[in-house]
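This report walks through a protein model, starting from a single residue and widening to the whole chain. Please have the sequence and the structure at hand while reading.

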Amino acid sequence: MRYLLLILLSIACITPAHAQNDFCSIRNNSFNAGESITFKVMYNLGKMYVGAGEAVFTVNLERFANRDVYHITGDGRTFRAYDWIFKVRDKYETFLDTATMQPLKFLRNVNEGGYKIYNNVVFNQAAHQAVSTNGTFTVPPCVQDVISAIYYARNIDFSKAQEGDKIPFAMFLDDQVYNIYIRYLGKEEVNTRFGKFRAIKFKPLLIKGTIFEGGEKMTVWVSDDANKVPLRVESPISVGNIIVDMVNYSNLRHPFTSLLRQR
């Protein structure tokens, strides 16, 4: 299953912008340095789901370009039992300005079945430029990368959103700017392999690609509390279906009050 971590990073499609001013002025109130969250990727095999891999997201506080930054890393890999089918070892990193919640640097280092990709992107947010391994590109104000978008989104106030609202955002990946939206679907309880939660529900607009179908076919749930932790992703892919569940966490900033019952 190619692009294991990108399946998880589709959680990034929860990055709304009610207005440009709001989009550029978010402050972090949802996570701390030291936080770690683990996700398990399960693939539909007939009438059952089997574990194919996992991804771990960690947050550290560092200095970059004379600024305090959250150095956030996403490590994705297939399980050893799945490696013989298609071995994945992916690593994504962002250096997120703690003051502005805008990325200053993004690293993509992936090895998928022996196919390797490396990209080093430095953002000049003031000049609206992204300088990558492959060139210099114009980007919109306050653009996010796929990792920073997840953590940016966790600080959005959803209280003003109405069911059915389309909420746009811009993301830079593979030397391209993607203007996508998510459709807010309200709140509900969701059962995951970790437990039962009160959750906020979305459907992101996906661009048709290697594994995902286009349109609003993916569903995402995040915790309905101050942490806004991604809990579950469900989506059809080119062959079958996948579920991504949060299965472990540590050092959350706030109490996990959305958890109703743990398995």
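## A buried threonine and its surroundings

T78 has a relative accessible area of 4% and is therefore buried, the cut-off being under 20%. The model is a predicted one. T78 belongs to strand β3, which covers residues 67-78. From T78, the side chain reaches the backbone nitrogen of V88 at a distance of 3.0 Å.

D83 is located in helix α3 (residues 80-83). With 15% relative accessibility, D83 counts as buried. The side chain of D83 makes a polar contact of 2.8 Å with the side chain of R89.

## Helix α4

Helix α4 spans residues 146-153 and is mostly covered, with 8 of its 8 residues buried. These buried residues are V146, I147, S148, A149, I150, Y151, Y152 and A153. In an α-helix there are 3.6 residues a turn, so residues three or four places apart point the same way.

## Aromatic residues

How many aromatic pairs does a search of the whole structure find? The search gives 12 aromatic pairs. F123 and F172 form an edge-to-face pair, with 6.0 Å from centre to centre and 80° between the planes. Because F123 lies in strand β6 (residues 115-124) and F172 in strand β9 (residues 166-173), this pair ties together parts that are 49 residues apart in sequence. Both F123 and F172 are buried.

Elsewhere, one aromatic cluster is formed by F194, F197, Y249 and F256. A charged residue also lies over an aromatic ring: K105 is placed over the face of F95, at 5.7 Å from the ring centre.

## The protein as a whole

The protein contains 4 helices and 15 strands. It has 263 residues, of which 53% count as buried.

Of the contacts in the protein with a separation of 6 or more, 55% are between residues 24 or more positions apart.

## Confidence of the prediction

Mean pLDDT for the protein is 84, and 85% of the residues reach 70 or more. Which elements have the lowest and the highest mean pLDDT? Among the elements of the protein, the lowest mean pLDDT, 46, belongs to helix α1 (residues 4-9), and the highest, 97, to strand β15 (residues 259-262).

Two stretches should be read with these values in view. Over residues 1-21 the pLDDT is below 50, and this stretch has 89 contacts in the model beyond near neighbours in sequence. Over residues 208-215 the pLDDT likewise stays under 50. For residues 208-215 the model has 25 contacts beyond four places in sequence.

Methods. Residues are numbered from 1 along each chain as its sequence is written. Side-chain values use heavy atoms; hydrogens and water are left out. Rings of Phe, Tyr and Trp (its six-membered ring) pair if their centres lie within 6.5 Å; planes under 30 degrees apart count as stacked, over 60 as edge-to-face and the rest as tilted. Helices (H or I, at least four residues) and strands (E, at least two) are DSSP runs, numbered from the N terminus. Buried means under 20% relative accessible area, exposed over 50%, partly exposed in between (1.4 Å probe, protein chains only). A charge sits over a ring if NZ of Lys or CZ of Arg is within 6 Å of the ring centre and within 35 degrees of the ring normal. pLDDT is the predictor's confidence in each residue, from 0 to 100. Contact means heavy atoms within 4.5 Å. A polar contact is a pair of N or O atoms within 3.5 Å; within protein, one must be able to donate a hydrogen and the other to accept it, and residues adjacent in sequence count only if both atoms are side-chain atoms.
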